[in-house]
Amino acid sequence: MQYPCPRRVLASEAISAVCHRSFMLGRIRGLRWWVIFTCFLATTINYLDRQCLSVTAAVLSKEFGLSNADYSSIITFFLFAYTLMQAVSGRIIDRIGVRTGMALSILIWSFAGILHAFAQGLWSLRIFRFLLGFGEAGNWPAATKVVSEWFPGRERALAVAIFDSGSAVGGIVAAPLIAALTLHYGWRPAFLITGSLGLVWLWLWLWIYRKPEEHPRITKEELQWIRQGNANQLEPQGAVVTWTGLLRVRAVWGVILGRFLTDCVWWFYVYWLPKYLADVRGFTLSQIGAMAWIPFVAVDLGNVGSGWISGRLMRRGFSLNAARKAVLLLAAAGMVAALPAGTTASAALCLGLIAVACFSYAAWGTMMLTLPCDLFDARMVASVSGLSGMGAGLGGILFTWAIGVVVDRFSYQPIFVAAGLLPLLAMLTVQCLIPEVRRMAGAGAAAHRSGEGVS
């Protein structure tokens with residue numbers, strides 16, 4: 001039996017000790033950007049798990065004999081759980097903290113994603129999709145709260161854009177990856193592999209995330225920068241509100257309805273685009289894998305571009321309100337590109353118009369996700385974000401149900417018309433309910449004084 005050289009053992013132990021000490025005690029410059037990058041990875045995995053159904057929809061429909069209405073019902077089960085848990089998870093995360101809340105969320109949705117590999121038909125797909133929505137709902141309230149804790153005002157839009165762009169990257173990667181896995185190994189391994197990624201991410205999250213003031217690896221300069229930027233963010237202790245208290249505030253309804261009228265359009269592109277390309281444009285699974293990712297590249301550009309533009313406008317002297325509203329107005333106008341997408345005879349032009357609409361939606365979505373950080377106390381951010389996500393989910397449920405009925409009875413064209421007009425109504429609604437984007441000083445205390453108390 002051979003024994004390792006003692007000198008090599010000692011050298012190895014010394015190197016390990018030095019690396020461990022550096023790993024645990026070293027300060028990281030710009031740590032907040034590493035933290036938000038971790039949220040970006042979580043959002044990417046979130047959409048990989050979500051997109052696995054839409055990419056394999058044609059295969060599943062053929063194997064299990066699913067109609068468009070059946071497929072719509074599977075999505076609705078996901079959206080029902082997702083909608084319910086948006087508000088609940090936001091409230092829970094405000095109570096137990098982001099670190100634990102995000103970990104529980106991704107643990108639940110990863111196991112739910114894996115369970116899809118064992119589906120036997122319509123009802124098992126509905127149940128597993130419900131569990132996936134139950135877990136995935138926590139991602140956005142948690143990530144939005146991360147932004148409120150780690151970033152000052154002028155950086156928030158870009159930080160939101162970074163983590164939210166994971167949805168686009170997930171969509172970009174999902175189409176070719178899941179199509180390739182399905183073609184080579186079958187759809188069950190595709191669900192199994194994508195569902196397992198979140199369990200790997202969980203280790204990274206538990207290592208990297210703490211609040212800024214509790215993090216052992218943050219530099220003094222960065223902590224001071226965050227504190228100065230958020231100096232007026234917290235209201236007096238005890239000014240904590242209930243859901244009913246928040247719903248008394250007009251600005252909360254502005255965020256809720258702004259997402260209610262637009263996120264449903266995004267669900268259409270996420271869940272129905274591959275099926276539309278197969279049913280109407282005659283795309284094969286390999287062609288879907290080669291082309292369906294294109295609109296998601298536009299989403300990625302829209303996310304990061306809108307966050308950068310908003311911050312740039314503020315640095316050039318624009319007010320917070322002007323910077324956010326300018327991006328919202330341009331985004332609402334850009335989403336009108338969906339109107340002619342369903343009528344053009346060219347598949348390439350159709351994808352191009354959808355890409356423009358997706359770019360614009362991403363810009364709109366980034367601003368809407370940033371507004372809770374801009375408007376409300378940090379202790380309310382996840383709750384407000386969760387309520388707005390609940391509104392988005394309700395819109396998604398109604399729109400998804402309508403899509404299944406309309407497509408089975410008529411065509412996709414009425415859906416494209418609605419997708420082009422709803423954002424204009426959303427812009428008008430947001431402007432009426434949030435005439436000025438500014439910190440809602442005293443909103444929490446006012447709701448608390450209204451007699452609602454702490455739930």
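Which side chains meet in a salt bridge with an N to O distance of 2.9 Å? In this predicted model, the pair consists of arginine 32 and glutamate 155, a salt bridge being a side-chain nitrogen of Lys or Arg within 4 Å of a carboxyl oxygen of Asp or Glu. Because arginine 32 belongs to helix H2 and glutamate 155 to helix H8, the pair ties together parts that are 123 residues apart in sequence; helices (H or I, at least four residues) are DSSP runs numbered from the N terminus. Arginine 32 counts as buried at 11% relative accessibility, and glutamate 155 counts as buried at 13%, where buried denotes under 20% relative accessible area, exposed over 50% and partly exposed in between (1.4 Å probe, protein chains only).

Residues are numbered from 1 along each chain as its sequence is written, and side-chain values use heavy atoms, with hydrogens and water left out. As the model is predicted, local features need pLDDT of at least 70 and side-chain atom pairs count only at pLDDT 80 or more, whereas totals for chains, interfaces and linings use all residues.

The structure holds nine salt bridges. Among them, arginine 259 pairs with aspartate 263, with the closest N and O atoms 3.0 Å apart. Arginine 259 is buried, at 7% relative accessible area, and aspartate 263 is buried at 6%. Lysine 275 and aspartate 279 form a further salt bridge, with a closest N and O separation of 3.1 Å; both residues lie in helix H13, four residues apart, about one turn of the helix. Lysine 275 counts as buried at 9% relative accessibility, whereas aspartate 279 is partly exposed at 45%. Salt bridges with shared partners join Arg32, Glu155 and Glu222 into one network.

The largest nonpolar core comprises 135 residues, and those with the most contacts inside it are Tyr269 and Trp364. Such a core is a set of buried Ala, Val, Leu, Ile, Met, Phe, Trp, Tyr and Cys residues joined through side-chain atoms within 4.5 Å. Helix H18 gives the most to this core, with 16 residues. Leaving aside neighbours within four places in sequence, tryptophan 364 is in contact (heavy atoms within 4.5 Å) with residues including Gly258, Thr262, Leu328, Met335 and Val430.

H18 also provides the largest share of the lining of the largest cavity, five residues. By class, this lining has ten nonpolar, three polar and four charged residues, with Ala, Val, Leu, Ile, Met, Phe, Trp, Tyr, Cys and Pro counted as nonpolar, Asp, Glu, Lys and Arg as charged, and the others, Gly among them, as polar. A cavity is a set of points on a 1 Å grid over the protein atoms alone where a 1.4 Å probe fits but cannot get out, and lining residues have an atom within 4 Å of a point.

Definitions and conventions: Helix = DSSP H or I, 4+ residues; strand = E, 2+ residues; numbered from the N terminus.
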